[in-house]
Structure formats: C-alpha cells, structure tokens
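Thanks for coming. I will go through one model today, starting with a term and ending with the chains as a set. Please look at the structure first.

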Amino acid sequence: MAELVFWTIAALTIMSAAFVVLNNQLIYSAVALLFTLFGVAGLYIFLWADFIAGIQILVYVGGILVLVIFGIMLTNKIKSVRISHKSMQQGVGGVVSFWFFIFLFIALTKAPWAISDAIEPIGTVRGIGVLLLTDYLLPFEIISLLLLGALIGAAVLSRGES
Amino acid sequence: MIENPMISFPLLILFLPLLSFLILIFFGKRLPRQGDWVAVGSIVFTFLLAVYLFVQMLMNYNPDFSNSASISWIDLGAFKINLGILIDNLTIVMLLIVTLVSSCTHIFSLEYMKGDIRYNRYYAYLGLFTFSMNGIVLADNLISMYMSWELVGVSSYLLIGHWFEKDSAANASKKAFLTNRVGDIGFFIGIMLLYSAVGAFAFSPIFESISTGESIAGATLTIAGLGIFMGAVGKSSQFPLHIWLPDAMEGPTPVSALMHAATMVAAGVYMCVRLFPIFTPGALTVIAYVGGITAILAAITAITQNDIKKVLAYSTVSQLGFMVLAVGTGVYTAAFFHLLTHAMFKANLFYCSGSVIHSMHHALHEAHDHDTDPQDMRNMGGFKEKMPVTYYSMLISTLAIAGVPLFSGFLSKDAILAGTLAFAQHHPEHFLLPLFGFSAAAITAFYMFRLIFMTFHGKPNMKSIFKDIHESPNVMTGPIVLLGTLSFFIFYTLPSNFNPIKDKGWFTDLIVPRNSSVPGSLTANEIAEYAHHAHYLAMGLSIAVASVGILLAVLMYFTKTLSAKNISARFGFLYDWSLNKFYFDENYNRFLYQPFMRLANTVSWIDWEFYDKYFINGFGRLTKLFSNASGKFDYDGIDQGLVDGFGRVSGIAGKFLRNIQTGRLQNYLLFVVAGILVIIIAQAF
Amino acid sequence: MNNIDSYLFISSMLFCLGLFGVITRRNAIAVLMGVELILNAANINFIAFSKFNGMNLDGHIFGLLVIVLAAAEAAVALAIIINIYNNMNTINVDEAAELKR
Amino acid sequence: MENILSLLIWIPILGAIVVAFLPRDNENLVRYTSAAVTGLQFVVAIVLWRKFDPLNGSMQFMERYEWIPSLNISYILGVDGLSLPMVLLTAMLFFIGVFVSWNIKKAVKGYFALYLLLNAGVVGVFLSLDFFLFYIFWEVMLLPMYFLIGMWGGPQREYAAIKFFLYTLFGSVLMLIGILGLYFTCGKTFDILLIMERAPEALDGVLWWGMSAAKVIWVLVFIGFAIKVPVFPFHTWLPLAHVEAPTAISVLLAGILLKLGVYGIIRVNYGIMPDQVYWFAGGLAFLGLVNVLWGGLCALAQTDLKKLVAYSSINHMGYSLLGMAAVVAAGEMNGGDLKAAQAGLSGAVFQMFNHGTISAMLFILVGVVYERAHHRDIDGFGGLASQMPIYTGITALAFFAGLGLPGFSGFVSEAMCFIGAFPVFKTIVILSTIGILLNAAYFLWAFQRVFFGKLNEKYKDMEEINSLELFTVIPLAIITLFFGLYPGPYLDLIKSTMDQIIEKIAFVATYAVM
C-alpha cells in the first residue's frame with residue numbers, strides 16, 4: 001500500500017514537473033508547479049522528514065508560489081489566463097538534458113552508497129531546533145541576515161527608479 | 001683664576017662693550033636718549049679698568065709680566081682648540097689705547113651724531129667694534145685672533161656703511177670688507193700652515209716649536225709668516241691692499257678716528273708685533289719693503305688730495321707703512337711705540353677734522369647750500385680765529401706727526417728711522433728702505449702743514465658761510481684737548497727721563513724686544529745695538545727732513561712765495577699720478593675686478609646656458625631620440641607585425657567564434673551542461 | 001521506497017526537468033520555476049541521504065537552509081524581473097540580451 | 001619608548017593619512033593638524049636626543065624585525081652620532097616648514113599630506129639600517145618632492161620637477177645597482193651593519209669586468225649620493241628646483257635633502273668600503289674645490305636672489321666635501337694625523353648641519369621678500385634697509401652667517417674643514433680658500449643691491465616682516481649663533497661616532513700597508 005502511494009506521489013511529482021517545463025501557458029505552469037511541490041512534500045514524509053515537509057508546503061506553496069503568480073500577473077497585461085510563452089532550443093536542450101539524466105542514472109546506480117539503518121524518530125523538530133541553535137548557529141544567523149538583505153534588496157529593486 | 005684682577009678686568013673690558021652692543025641693538029630704540037648712555041657708560045668704565053691695569057703695570061714695572069687663561073672651546077680628542085686671553089705689557093698698553101680712543105669717540109659722537117636716524121645702531125656698532133678689537137688684543141691664540149679679526153672687519157663694514165643711502169658709502173663698506181677678506185685668506189693659510197706643522201694654535205707652543213727648528217723651518221715658515229702678514233696687509237691697509245682705507249672715509253668722522261686711524265688699522269701692526277718671533281729674515285725683508293713702499297706711495301698721494309679726510313687717510317696709510325717697515329727691519333717695539341703715539345695724534349687729527357667738518361656742515365646748512373662738499377679744503381681757510389681750540393690742538397698733533405722734537409711722534413719716528421738706517425748699514429743692498437723712510441717723513445711734514453695752512457690760515461675761501469663757522473661744543477672739544485695734550489713727548493718718557501729727544505721711559509723699559517724664535521735670526525740685543533749706533537745720525541736726518549718739509553709747506557701755502565700751481569705743472573705726470581692715487585682703483589677695476597666678474601658671468605653662462613641646457617638636457621634629448629627609435633621599432637616591428645599578427649589571427653578566430661556568443665544566457669547554460677557531458681564522457685573512457 | 005536509489009532517481013529526473021526548463025524557457029519567470037525544480041531536486045537528495053545515513057539531522061538543516069535560500073532567491077529574482085519589465089517592457093530573456101551588445 | 005625610532009617615522013605617515021581624510025574646506029584644520037604632527041615628531045626627536053648616549057659611538061635604540069625573510073630583508077632602525085643631529089634638524093625644519101607654508105593657498109590638503117609623507121621618507125632614510133628599507137625611503141622621498149615642486153612651484157615648475165625627478169632617479173638607479181652588488185657579494189643580506197663587517201673581506205680582490213668590484217660599487221653609490229649633494233657635474237638640477245619650488249620646499253631641499261648625500265657617502269661609502277677612501281679622497285677633495293669655486297662664481301653672477309642662494313648651497317657643500325676628504329690624514333701613509341682627520345670629518349658633518357640651518361634661514365628670508373614684491377630680481381629692489389629695518393637686520397645676520405663670519409656656526413665648520421684637509425691636500429685647500437672671498441663677495445654685493453642705496457619708490461609701502469615669519473627664522477638664527485659661539489655640544493654629540501669611522505679608516509690603512 002505504502003509502496004503504491006509512494007510511486008503515485010513520485011509519478012505525480014515527475015509528471016507535474018514535466019508539465020511545468022513543457023506547457024506553453026505560464027499560469028498553467030505555475031499551477032503545475034503547485035503539484036510538484038506538494039509531491040516533493042509527500043516524498044519528504046516518506047523520508048521521515050515531517051518538519052521539512054511542513055516547511056516545504058508553508059514556504060514554497062504559501063510563499064514562493066504566490067510570489068511567482070504575482071510576478072506573472074505584474075509583468076503581463078492580463079487579458080486572459082492564456083499568457084503564452086514560447087520555448088526555444090527545445091531539441092538541443094532536450095537531448096542534452098536527457099543525456100545528462102542518463103549519466104546521472106548510471107552514476108547513481110553504480111555508486112556504492114554508504115547506507116546505515118535507523119529507526120524512525122518520533123519527531124524531527126526538536127532535533128533540528130537543538131542543532132540550529134548549537135552547531136549550526138552561525139549558518140543560521142548568516143542565513144537570517146541573507147534573508148533580511150534579500151528582503152530589503154527586493155524592496156529596493158522593485159521600487160523602480162523613483 | 002677669575003678672582004685675579006689681571007684676568008677678570010681684561011675679561012670685563014672685553015665683554016662690556018659686547019653687552020652694550022646687545023642692549024642697544026635690541027632695546028636701543030626704546031631706551032631714553034636711544035641708549036647712548038649705555039654705550040658711553042660701559043666704554044668709560046672699561047677705560048677706567050684699563051687705566052687700573054696700566055697703573056698696575058707701572059707699579060710692578062716688570063717687563064716680563066705675563067698672565068694667561070683659557071677655556072676649552074673644541075675638544076675632539078686629538079683636535080683641540082682652546083680660546084684664551086693673554087695679558088702682558090703689550091696687551092695692557094694696547095687695551096689702554098683702544099679704550100681711550102673708543103671712549104673719546106663715544107663722547108665726541110654725542111654731539112657729532114646728534115639727530116642721526118640710526119643713532120642707537122651707531123652706538124651699538126661702536127660697542128661691537130670695541131669688543132672685537134679688544135678680542136684681537138687679548139687673543140692668546142691664532143683662532144681667537146682670526147675670529148676677532150673678522151669681527152672687526154664686520155663692524156668696520158657696518159660703520160662705514162652707516163649712511164648706506166649714499167651709494168658711495170655702501171660701495172666703500174663692501175670694498176673695505178672684501179679687501180680685508182683677501183688679506184684674511186692669507187692669514188688663514190698661514191694659520192693652517194702653522195697648525196699642520198706645529199699642531200697648536202696658541203702663541204707660546206708655536207714659538208717654542210719654531211725655536212726647535214724641527215717642525216717647521218725655511219721656506220715653509222717664510223710662506224706661513226707671509227701668509228699671516230697678508231692679514232696685516234689687508235687690515236693695516238698696506239700696499240697693494242691699501243685701496244680701501246681712503247674710501248672708508250665715507251663713514252662718520254669719529255669712526256674714522258677710532259677705527260681707520262687709531263685702532264682697527266693698527267691691528268695689523270699689533271699682530272706683527274705679537275707674532276714677530278715667527279717671521280724669518282726672508283719674510284721680514286718682504287714686510288719691510290711692503291711697509292716702505294706703502295709709506296712713500298701714500299705720502300705722495302696725500303700731497304695732492306683736497307678732501308681733508310682723504311689727506312688724513314693717506315697719511316694714516318703712510319704712517320702704518322712706517323710701522324710695518326719698522327717690523328720688517330726688526331725694531332718691532334719701535335713699531336709698537338709709533339702705533340701708540342700715532343693712535344693719539346692721528347685720532348686727534350681726525351677729531352679736529354671732524355670738528356671742522358661739523359662746523360662746515362652747520363654753516364652750509366644755515367646757508368641752505370647742499371651741493372658744496374663740507375670736506376673740501378678749498379672751501380675752508382681762515383678758521384683759526386673762529387675755532388681756536390680745534391686749531392691749536394690740531395697744530396700740536398701735526399707737529400707730532402711731522403716729527404718735531406718735544407712731541408711724541410718725534411720719539412717713535414726717530415726710533416723707526418734709526419732701525420731702518422741700521423738695517424741698511426748692515427745690509428747695504430737694502431739702501432732703498434731708509435730712503436723710503438726719510439722721504440716719506442719729509443713729505444708727511446709737508447702735506448700736514450699744507451692741510452693746516454689751507455684750513456686755518458689765509459683768507460676764507462667761502463665768504464658766504466664763514467660767518468656761521470664756530471667752535472664746536474664741549475663734548476667735542478674735550479676729547480680734542482685730551483688727545484692733543486697726549487701728543488707731547490712727556491707722557492711717554494716718564495718717569496725716568498725728561499729729555500725730549502731721548503725715547504727712554506716707561507715704554508722702553510716695559511716693552512722690551514724679544515728674540516725671534518726662528519733659529520739663526522739676529523737676537524734682539526744685536527738689533528738694538530745696531531739701532532743704537534745709527535741713532536744720532538737718524539735723529540739728525542729726521543729733524544732735517546721734517547724741517548725741509550715744513551719749510552716748503554710754509555713757502556707754498558703760508559707765505560705763498562712759491563706757487564703750488566707752477567710746481568705741480570713742472571712735476572707733470574707725478575702730480576697726475578698723485579692726484580689720481582697712482583691709478584690703483586682704476587687698474588684694479590680693469591685688471592682684477594672686471595675680468596673676475598667676466599669670469600663669473602662666463603662660468604654662470606657655461607653652467608646654465610651651456611652645460612645644463614646642452615649637456616645635461618642633451619642626455620635627455622639623446623634618450624628621447626633613442627626612445628623614439630626604439631618606439632618606432634616597437635610599434636612598427638613588434639607591435640604591428642608580431643603582436644598584431646597574433647591579434648589578427650585571434651580576430652579571425654573570434655569572428656568565427658562570435659557566432660556562438662549569442663548573448664543569451666540559456667545558450668551559455670546549454671554549453672555548460674554540454675561541456676559537463678563531454679567531460680563525463682571523456683572521464684568514462 | 002525503502003532504498004535510496006528510488007529517491008535519487010526521482011530527484012535526478014526532477015533535476016533534469018528543471019535543467020531543461022531553465023535552458024529552454026524564454027520567460028524569465030518560467031526560468032525561475034525551473035530553478036525551483038532544481039532546488040527541490042537537491043533538497044530531496046539532502047533529506048534522502050539524511051535518512052539512509054542513520055537519520056542524521058544535518059541533512060535536514062541543509063534542506064531548511066536551501067528552502068530559505070530559495071525564498072530569498074525568488075524574492076530578489078522576481079524583484080529584478082519586475083524591474084526589467086518596467087525598463088524594457090519584456091521579460092523574455094532573449095530579448096533582453098544586453099550581454100551581446 | 002622602546003620603539004622611539006619607529007615612532008619618528010610613523011608619526012608623519014599617520015599624520016599624512018589623517019590629513020588626507022580631513023574635510024577639504026577646512027584649510028586651517030589641515031594646517032593645525034600638520035603643525036601638531038610635526039610638532040609631536042619634533043618633541044619625540046628631542047626626547048631621543050636627551051636619551052641618546054653621546055659617549056657611545058655605535059648604533060643605539062636599535063629595532064630589528066623580520067620583514068621579508070626569504071630575501072633576508074628586515075626592518076632595522078638605529079641612530080648614532082652621525083644621524084641623530086640630522087634627525088633633529090629634520091624634525092625641526094619640518095616643524096618650521098609648516099609655518100613657512102602657512103600661506104599656501106592651492107590644494108592645502110594635498111600639499112600637507114605630501115609634505116608629511118616627505119617628512120617620513122627623510123627621517124626613514126636617516127634611521128634605516130637595512131639597504132632595502134633605506135632604498136624604499138629614498139624613493140618615498142622622491143615622489144612627494146616631485147609633486148610638491150611640480151604643483152605648487154613657480155612658473156617653470158613642471159620642467160623643474162621632471163628634471164629633479166629624472167636626475168635623482170638616475171642617481172638612485174645607480175645606487176640600487178651598487179646596493180645589489182653589495183647584497184650579492186656579502187652573503188645576500190641587506191643589513192647595513194652586517195655588510196659593514198663583511199664587505200672589506202668579501203670585496204677584497206673581487207673583479208668585475210676587470211675592475212675592482214669595490215671601486216665599481218664605490219663609484220656607483222657615490223654618484224647616487226653625489227647627485228643629492230650635489231657634487232659639481234651633477235648639480236644643475238639644484239638651482240632650477242630651488243628657484244621653482246615653493247619657499248618651504250626650497251628650505252627643506254637645501255636644509256635636509258642635500259644633507260642626505262653627504263650622510264649617505266659617510267654612512268655607506270665610508271662605512272662599508274673604508275679601504276677605498278684612500279683611493280678616492282683626492283678626487284673628493286678636487287670635487288670639493290670645484291664645487292666651492294664653481295658655485296661661488298655662479299652665485300656672483302646671479303641676478304635672481306633665490307638662485308644666488310641656491311648656488312651658495314653648491315659652494316657651501318664643497319667645504320663639506322673637502323672636510324670629508326680629510327679623513328685620509330689618519331692613514332699611515334699620510335702620517336697618521338689624527339688631528340686633521342678629526343677636524344675634517346667632524347667639520348664636514350658640522351658643516352652639513354650648519355648649512356642646513358643657514359640656508360634654511362636664507363630661503364625663508366628670500367621667500368618673505370618674494371611674497372611682498374612678487375619678484376626676486378636683485379637689481380629690482382634697493383634701499384629696503386630704510387623701509388624694513390628688522391628684516392634687514394635678520395637678513396644681514398643670515399648673510400653674515402652664510403659668508404662664514406666668526407661667531408656664526410658656519411665659520412667653525414668651514415674652518416675645521418679647511419684645517420682638516422690642509423695637511424693632505426695643501427694646494428687644493430689653498431685654492432679653495434678663494435671661496436671665502438667669493439662667499440663674501442656675492443653675499444655682500446647682493447646685500448648692497450637689495451638693501452642699500454636710495455629706497456626704491458615702488459616699495460615705500462612694503463610691509464615689515466611679520467611675527468609668523470619671524471617665528472620661523474629666529475630659532476634658526478639662535479641655533480646658528482649658539483653653535484658659532486660654543487660648538488661644543490654639537491661636536492660632543494658626534495665625537496664618538498666620528499672617532500669610530502676614523503679609526504676604521506685608519507685601521508684599514510695599516511692593514512693595507514701590511
């Protein structure tokens with residue numbers, strides 16, 4: 001059962017991702033991205049990463065995706081939902097991407113991964129919290145600063161020339 | 001050491017005038033009466049100290065008295081200079097002369113310089129002069145003597161140039177300093193020669209070392225002596241450097257009396273007397289000739305001068321020549337004796353001339369006449385009644401300088417002439433020396449009486465101002481009377497002798513000649529012996545020549561039985577030469593000064609216009625040429641050919657590759673990924 | 001679902017799709033979406049390795065950081081895009097080929 | 001106080017940085033800051049002087065830090081009797097120079113920043129005991145000078161600046177070759193003291209292109225320093241640079257930068273290659289003679305007051321060269337005359353100090369009259385003595401000091417140079433005494449033309465020298481007078497160091513004779 005669910009989610013993720021990159025209408029791409037993000041969140045759950053999954057939905061779906069949609073709307077004179085956008089060098093791009101995937105696939109099957117088993121934790125939040133405020137305090141602070149900088153930068157940039 | 005009055009008093013005498021100089025130069029303008037009382041007070045005080053020393057000397061009556069003290073000035077281990085003072089009878093007498101004449105000058109100037117625009121400076125410089133002159137007198141070594149020597153030159157420069165608004169005064173001061181410097185160079189070379197041989201600057205080690213004859217002797221010593229003597233030539237205005245002294249009369253008359261008659265110019269003679277032991281017979285011969293020639297040349301020049309101060313100036317030069325002649329013939333104490341008497345009567349003569357000029361000046365001022373020269377004797381005449389004190393005092397001094405018995409000059413001049421005569425008797429080849437001496441003596445008598453007659457006798461030549469001529473005030477006549485009195489013989493022959501024609505007295509007792517340090521020279525005794533033998537002959541001759549001189553002057557200028565015009569016309573070129581001072585200035589100007597300036601200009605031209613412009617900048621131009629050539633090669637050959645060849649190849653390649661550079665980010669990304677693929681493939685195989 | 005290969009397979013697929021999107025899309029926002037896909041693929045790897053390496057929470061931390069980074073990136077990128085749009089009236093990356101000039 | 005020497009160098013550098021960050025508009029702040037910086041340096045220099053032990057002739061207050069170990073380059077500082085008076089003079093003149101340049105109007109901030117940098121360079125050269133450091137400071141000095149002449153100078157300033165720059169650069173390149181020669185022959189070290197120890201043996205018998213290496217290095221280094229002195233054939237940059245530079249810079253050029261040449265010759269040539277002194281002394285004395293006469297004659301012919309003073313510098317440095325040549329008197333073949341050697345070398349060092357104070361005074365005074373009249377033509381004045389008595393008095397004092405009047409320090413040192421050089425170089429010294437006359441002639445003639453005679457109507461409203469200008473001249477006048485009357489303190493300060501140098505040179509002679 002779990003196996004089935006897993007593969008369903010995997011398929012949903014891949015399919016919607018394909019839709020994102022292949023579809024010609026921007027808004028549809030954005031909506032397809034929603035499914036991809038949800039799918040990835042699902043995969044996180046399978047990976048016992050409950051906290052990350054939550055964050056994935058909160059930040060990606062709640063934040064980034066909304067931002068993207070706003071972006072789309074702000075940059076197009078919307079007359080209909082069908083905001084078309086063409087692609088280019090699809091042939092060459094496809095070939096290169098495909099061969100890239102082939103090589104990655106070969107690599108991941110051939111690589112001798114060091115695996116060690118573990119039991120499912122009761123929750124990861126506590127562990128992450130401890131780690132963030134002990135070992136990873138500096139990255140945490142830096143990323144906060146970065147975020148702050150990005151916020152200010154974004155605000156300054158989008159204000160335009162005035 | 002400092003408690004000893006024989007050391008501390010001379011030091012006071014030395015430094016008090018310096019103190020006065022410093023006070024006046026910095027605060028003179030702010031002091032009441034511009035501070036003249038500071039200067040006069042300090043100098044009179046030093047005079048009293050000098051009198052004290054003099055009295056001490058008379059009371060001791062010790063001809064060998066000597067006292068010295070010194071401090072270390074430079075001490076580098078081996079190289080040492082000690083500055084010190086040396087006090088013996090010679091020094092004390094000289095100090096007395098300097099302070100006496102200096103005091104008189106200070107007092108005399110109170111009236112003479114009244115209302116001058118730089119009154120305080122004038123007194124300050126007098127202080128500086130007195131300090132440096134005392135420095136020469138007291139020096140116990142060559143270095144301090146040389147230092148004071150130069151300082152005297154500077155104060156002379158400042159005082160001659162006191163009225164620097166006049167170009168002639170400015171020129172004269174510069175000329176005086178530079179001419180003195182020429183002499184100083186010789187002096188300094190002499191010092192270096194002595195030091196490098198002896199290794200000391202102080203007099204006594206030098207004398208000792210010379211007397212051993214090992215460190216320095218022969219020609220070197222002669223040259224060293226002549227070098228030192230060159231200093232005296234400059235300072236005492238001897239031929240051929242005598243040209244500055246007559247010009248120096250541009251300074252105020254009291255200054256001329258102090259410096260250019262009594263003290264500063266006597267410094268050279270004083271130095272020769274002080275350093276007599278180092279002169280070799282060869283050097284002494286040269287000295288004697290220099291003195292002789294100076295005496296006669298200057299005397300001849302003095303005959304025709306009309307400026308009252310110029311006559312006195314040439315007379316001074318001539319008298320200094322006498323003294324140097326005496327040093328050269330070995331009777332150096334006679335030279336010093338003449339220095340002493342000459343200081344008194346010549347200073348007095350200058351004061352008297354100053355008094356006359358002062359009076360003339362006032363009279364001209366009253367008459368609103370600014371063009372007439374107040375110093376020209378042709379504008380004077382008949383002042384005898386108007387200025388009796390000046391007249392009689394001047395007459396006495398004139399009698400003294402002419403060498404008339406009963407007066408001081410007779411004694412000293414006689415001693416010199418006796419020495420000269422004795423010298424010639426023993427060295428007949430030098431017969432010219434007494435000839436110079438006696439003829440100069442005759443001429444001196446002549447021109448001095450010419451001066452007296454032209455100024456005080458006869459009819460007034462300028463009626464317009466005659467009524468305003470009057471006797472000078474007491475501060476001026478005081479020094480005149482004092483120094484006039486001192487021209488009598490009696491002051492020099494006391495206490496043992498009242499005979500007016502014998503020079504024996506305190507002076508000859510206390511200032512005794514010493515043997516020369518140079519091995520093989522005549523001893524002092526021998527010289528004295530010879531001179532003694534010649535004494536009566538010399539005395540007779542000197543009285544005779546003086547009478548001839550005076551008689552001629554009387555005939556020509558008093559009774560006018562002989563016409564001066566006719567005689568001058570008969571002598572023709574000699575008169576011309578005398579009137580033009582033997583063309584010294586003109587010839588120096590043409591053969592020394594002008595070529596020198598041309599040399600300077602040429603050197604400067606070579607330096608700036610030629611050497612720098614063409615040679616140094618030529619390097620620059622050469623470099624530029626070279627760099628142009630290499631630049632051409634660089635550009636055309638290497639750059640255009642080789643480097644641009646690469647460039648062109650890459651240009652073509654670039655044009656081809658440019659097509660790939662689309663400027664689209666995604667293209668580049670594609671290439672990146674493709675590149676990664678290629679790498680992976682390459683890795684795989 | 002219990003071996004790492006499957007997760008890696010999914011993530012590599014997601015990565016290649018994202019790459020394809022970044023390479024081919026003209027619209028800058030679409031390119032941005034491709035970038036998001038790539039970031040997600042990377043994140044999956046982090047979390048997967050974290051699980052199969054003895055439930056090491058370090059991977060989670062990195063995942064978290066990546067998400068924050070993505071958020072920041074999206075914000076800035078969109079701001080830039082809007083700015084470009086205001087200036088050039090297009091957000092097609094090939095039209096805004098300033099690099100070529 | 002451990003690092004008092006570093007303090008001397010770094011104070012002005014920090015000062016330059018501070019000045020560079022001051023607001024451009026507040027010119028007075030810039031001036032006061034510079035005055036404070038140089039004043040502080042002066043105080044430190046005085047402290048150094050009080051702590052200095054004059055009985056010890058070797059280096060004192062040594063500082064030594066590794067800098068670039070791979071090339072054996074270190075940061076070594078030290079001071080001895082030769083450099084201490086120069087450091088004092090430098091600190092004092094730079095302090096005074098700030099007030100001399102008080103009236104600079106153009107780009108005040110830049111001027112003072114460069115000025116302080118120059119200060120650091122000069123002090124650095126005097127203090128550094130590592131050739132690499134020495135050379136760096138030598139070049140550091142050059143650059144600000146170029147700009148100070150080139151931007152704040154007179155009408156021909158660019159030409160003068162570039163000429164100065166190229167001339168000096170030419171010299172320093174030759175010097176660099178010499179330094180590298182020493183570096184490679186003496187075991188790859190830049191440490192001057194170490195080279196001093198090793199050089200006589202290391203250079204003994206070494207031949208380069210068939211010539212003795214020691215002689216080649218001597219000549220190379222000598223030319224480098226000779227240009228700074230300046231010695232006769234390399235002197236033509238000096239009048240131009242002096243004339244065109246602003247007053248304060250002329251003061252520093254004459255007062256300190258020329259001394260670097262003499263200092264360098266004594267420190268490097270004498271210190272490192274004492275055996276070659278005998279070979280070169282005759283030439284040195286001859287160059288001294290040429291300097292004296294050539295400079296004197298040129299000065300006599302000048303009509304520009306500043307140029308006259310500039311040529312008088314050439315003339316005066318000639319005496320110093322003469323004195324330096326006198327050291328050889330200590331050698332055995334010259335009779336081991338220690339007296340003459342001491343007199344000559346100390347005289348030369350003293351002369352360079354005295355010329356520093358006297359020529360500084362002269363340039364300041366020329367600057368004063370130039371500021372009022374805007375020209376320096378000697379014949380264009382006349383009678384100023386009646387209008388400006390104080391100025392005249394001070395100028396007379398400076399001129400008399402310049403012509404070597406007893407009572408002023410110049411006399412003492414000139415006399416010592418002459419007396420020292422006389423036993424060995426009789427003819428040369430006798431000829432160069434003509435210089436005494438030339439000195440007097442050009443100074444007095446100029447003095448007469450400017451100050452004597454009737455007052456030129458144009459200048460009847462000329463202002464008297466003001467108190468700021470007096471403040472800059474009077475200390476120099478006092479020093480000149482003091483050392484003229486009592487040279488003891490100065491000579492005691494340098495005595496031990498001079499003795500060491502002489503001893504070394506004398507020792508080498510006995511060694512060479514064996």
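Two residues are in contact here if their C-beta atoms, placed from the backbone, lie within 7 Å. This is a predicted model, in which local features need pLDDT of at least 70, side-chain atom pairs count only at pLDDT 80 or more, and totals for chains, interfaces and linings use all residues. Residues are numbered from 1 along each chain as its sequence is written, and chains are lettered from A and ligands numbered from 1 in the order in which they are written.

Now chain D. Helices are DSSP runs (H or I, at least four residues), numbered from the N terminus. Helix 2 of chain D, residues 27-51, packs against helix 3 of chain D, residues 83-100, at about 160 degrees, with the axes 8 Å apart. Axes are lines fitted to C-alpha atoms over the stretch in contact, and angles run from 0 to 180 degrees between N-to-C directions. The two helices are therefore roughly antiparallel, a term for angles over 145 degrees. Among the residues that meet are D:Phe42 and D:Trp49 from helix 2 of chain D, and D:Phe94 and D:Phe95 from helix 3 of chain D.

On to chain B. Why is helix 11 of chain B, residues 264-274, largely enclosed by the rest of the structure? Because 11 of its 11 residues are buried, meaning 20 or more other C-beta atoms within 10 Å of their own. They include B:Tyr270 and B:Arg274.

Last, the chains. Of four pairs in contact, chains A and C share the most contacts. Chains A and D have no contact, with their closest C-alpha atoms 30 Å apart. Chains C and D do not touch either, at 36 Å.

Key:
A residue is buried if 20 or more other C-beta atoms lie within 10 Å of its own, exposed if 12 or fewer, and partly exposed in between; C-beta atoms are placed from the backbone. Angles under 35 degrees count as roughly parallel, over 145 as roughly antiparallel, 65 to 115 as roughly perpendicular and the rest as oblique.
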